[in-house]
Every structure is written in structure tokens, then in C-alpha cells.
Amino acid sequence: MEDEPWDSGMAEYALVLSRELESRGHRVLFWGRPGCFPCRKARVWGLETVEARPWLGLPGLRRLLRRERVQVVNAHTGSSHSLAAIAAAGLKIALIRTRADARPPKGGGAARFLASRTAAYIAVNCVIEKDLAARFPGARVRLVPQGLPEPSTRHPLAEEPAVGLLGRLDPVKGHADFLEAAALLRKRFPAARFLAAGGGGEDALARLSAQRDRLGLRGAAELPGFVRSSENFMGSCRIGVVASHGSEAVSRAALEWMAQGRPLVATEVGGLPDLVEDGKTGFLACPRSPSGLASAIGLLLADPVMAAEFGKNARARYEKFYGSPRFAAETEKVYEEALHHLPS
């Protein structure tokens, strides 16, 4: 169950998982809000989709669970967790809560009661895993990081010293810090190009364009806005950057850079420290620190051999831990375990 209305890392987590579980022989019903982006994408992918308004659709959801003899319900948001708990009450169904919220879980009486009805929690990163274990002692908490399918196209490491950031044009994604870092690096690396892409509206793009011009980065920094192919964009870059200030409980962009075999400079927020092996697949930097970003990016620009080695290591790490088949297999284990430990 995924009731977010927009394209997000958590929505992608649920969608990729659903498709992979279906490929493993499971019947999957993808539930979401009417007309929401996740449901539209689910239909494009050929997933069986159920659309209903939260709470107003509760009677129909309960009938569906009974009629289809659903065994597992995996709720990916707090609201869908509460809805699923009521819909599944009295039925032999394993209620799973996948948590990818950067905020610590609530610990009030309602949250504790909901935890008592939950067969297992899936944490998408180590910070969330620790928070859940501390908040709900005795709860079954399992770590299952996000996985992504193999890219349709893999690009060789770019010869040009191009550095890219791809994320929606929201201040939390750190595009402004990235441009500040580019300004610090420009004199030392005059041939380098800095590409800050993402969708998010004309106002956001205009603000970043004004900042670029103020920093004297015309010709060195590009702001292409929304890009249709993340693979082609990343393929044009030698180094990837995720400069977020917060959130990033899951990071689709980080995994896409890794899958393309790019060294990654990322801030120490959310699940990014789980993904990046500092000094082996890339570098970690403090959030809101353009100088820290510049220092890390500069190390990779100054040493193309190291950048290539880190890129190979990043690709190997993706293959070992973050491919979608492994993602589905680890989730499947949680489901099987939960079915044998239903709350009484």
C-alpha cells in the first residue's frame, strides 16, 4: 500500500518491489490513491492496481482482502499503515510496515498499539532500523535497503571532467550548495563542467540561474532542468553528487549513479552513509557545506585514475547489495517470517 500522490523515492521503492515480487511468481495488488503518480506508473508497468480513497475506501479494501485471500499487506506510509491495520483486523494477514521516514517514529499509545498489530517492520536504512528497535522493543525489525533494476543502458566513464547532480529543484536537494562548490573549484579545474539538473518549476530554475550568474559560472555550470533520461544524463558525467541537506531515507539517484559505475560524493544524511563507502566508492561530506563538497569533488577531479577505480567499486557494490532481485528476495524472507509470527 502506497498512498503518496507524487513521484518519490519511497514510491519507487514500492513499485520496484512489486514488480520484482510479481516476477518471482507472487500475485501483487498495488494499492494507491485514485489518479496518483505511483498508480499510473504501476499500470504502465503492467501491475494489477487498486485505486481507492483512503478511509472512504476502507469497506471496499476489507472486502478485497477477504475476497482475494490476501496473506501479506505491506504499508509504505503511516496513513496506509493505520488503514491497513483496521482493514486487516480479525483476518489472518501479516501486516508489514516499511518505514522510510527521516523523522523518528512516534511512540504514543496509538503507535504502540499499532506496533502490537504489526508482524514486522522493514527499515530502509540503518538509522531507521535503530530508531524502530529503540522505539518498539520486541518488535520484529528487519533491514531491507532499496534495490534498483539493472540500467537499460550502461555508459562508459565520461572522458570529459563533468560533475553532475540530479534531483528535484527543491532547496533540500542542495543545488545551491553544488553551485557554490563549483565556484570554489572553477579556477583550479577550468576544464570542468558542472551540471545541476532536475524538475521543479520555472521559479526554482530562475533562482538557480541567477545564482549561477552571480557566481560567474556561465559556461562552466549548466542547468538543464528536467531530463527525460537519468541514464543518459549520468552517462555524460564522470562524477555524481547527492548534496541533500536532509531526508534521503532512500536515494534513487545515489543508486543510479552507482549502477552507472560513477564515483559518488554525497552528504552524510539519511541512508547515504549506508550506500557510499567513504574513500572507496566515493566521499562523504557534511550537509550544507559547499567547501566540503568542493574538497571531495576536487579529489576526484584531480585524480582520474582514482575516480575510475571508485566508479568500478561503486558498480560492484550496487551489484552485490542493491540489485532488484536481491531486494525482492530479502523482502520475501521478511514476509515468510512474518506469516509464521502473526500477532495474536
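**Exercise 1. Describe how helices H7 and H12 cross and pack in this predicted model.**

*Solution.* 
Step 1. H7 and H12 cross in a right-handed manner.
Step 2. Two packed helices are described by the angle between their axes and by the distance between those axes. For H7 (residues 175-185) and H12 (residues 290-302), the angle is about 60° and the axes are 8 Å apart.
Step 3. Angles of 65 to 115 degrees count as roughly perpendicular, and those under 35 as roughly parallel; H7 and H12 are therefore oblique to each other.
Step 4. The residues in contact are then identified. H7 contributes Asp177, Phe178, Glu180, Ala181, Leu184 and Leu185, which meet Pro290, Ser291, Leu293, Ala294, Ile297 and Gly298 of H12. Sorted by class, this contact holds 8 nonpolar, 2 polar and 2 charged residues.

**Exercise 2. Determine how H12 is oriented towards helix H13, and classify the residues of their contact.**

*Solution.* 
Step 1. The axes of H12 and H13 (residues 304-321) come within 5 Å, and they cross at roughly 105°.
Step 2. With this angle, H12 and H13 are therefore roughly perpendicular to each other.
Step 3. On the H12 side, the contact consists of Leu299, Leu300, Leu301 and Ala302; these meet Pro304, Met306, Ala307 and Phe310 in H13.
Step 4. The classes in the contact of H12 with H13 are 8 nonpolar residues, no polar ones and no charged ones.

**Exercise 3. Characterise the second largest pocket by its volume and its lining.**

*Solution.* 
Step 1. Empty space is found by rolling a probe the size of a water molecule over the atoms. The second largest pocket holds about 690 Å³ of space.
Step 2. This pocket is lined by 28 residues, of which Arg27, Val28, Leu29, Val70 and Val72 are the closest to its centre.
Step 3. The elements that give two or more residues to the lining are helices H1 (9-23), H3 (58-67) and H14 (324-339), together with strands E1 (29-32) and E3 (72-75).
Step 4. The lining divides into 17 nonpolar, 5 polar and 6 charged residues.

Definitions and conventions:
Residues are numbered from 1 along each chain as its sequence is written. This is a predicted model: local features need pLDDT of at least 70, side-chain atom pairs count only at pLDDT 80 or more; totals for chains, interfaces and linings use all residues. Side-chain values use heavy atoms; hydrogens and water are left out. On a 1 Å grid over the protein atoms alone, a cavity is a set of points where a 1.4 Å probe fits but cannot get out, and a pocket is an open set with protein on both sides within 12 Å along at least five of seven lines; lining residues have an atom within 4 Å of a point. Grid points are joined across faces, edges and corners, and a volume is the space filled by probe spheres set on the points. Helices (H or I, at least four residues) and strands (E, at least two) are DSSP runs, numbered from the N terminus. Ala, Val, Leu, Ile, Met, Phe, Trp, Tyr, Cys and Pro count as nonpolar, Asp, Glu, Lys and Arg as charged, and the others, Gly among them, as polar. Axes are lines fitted to C-alpha atoms, for helices over the stretch in contact, and angles run from 0 to 180 degrees between N-to-C directions. Angles under 35 degrees count as roughly parallel, over 145 as roughly antiparallel, 65 to 115 as roughly perpendicular and the rest as oblique. A crossing is left-handed if the near helix is turned anticlockwise from the far one by less than a right angle, and right-handed if clockwise. Contact means heavy atoms within 4.5 Å.
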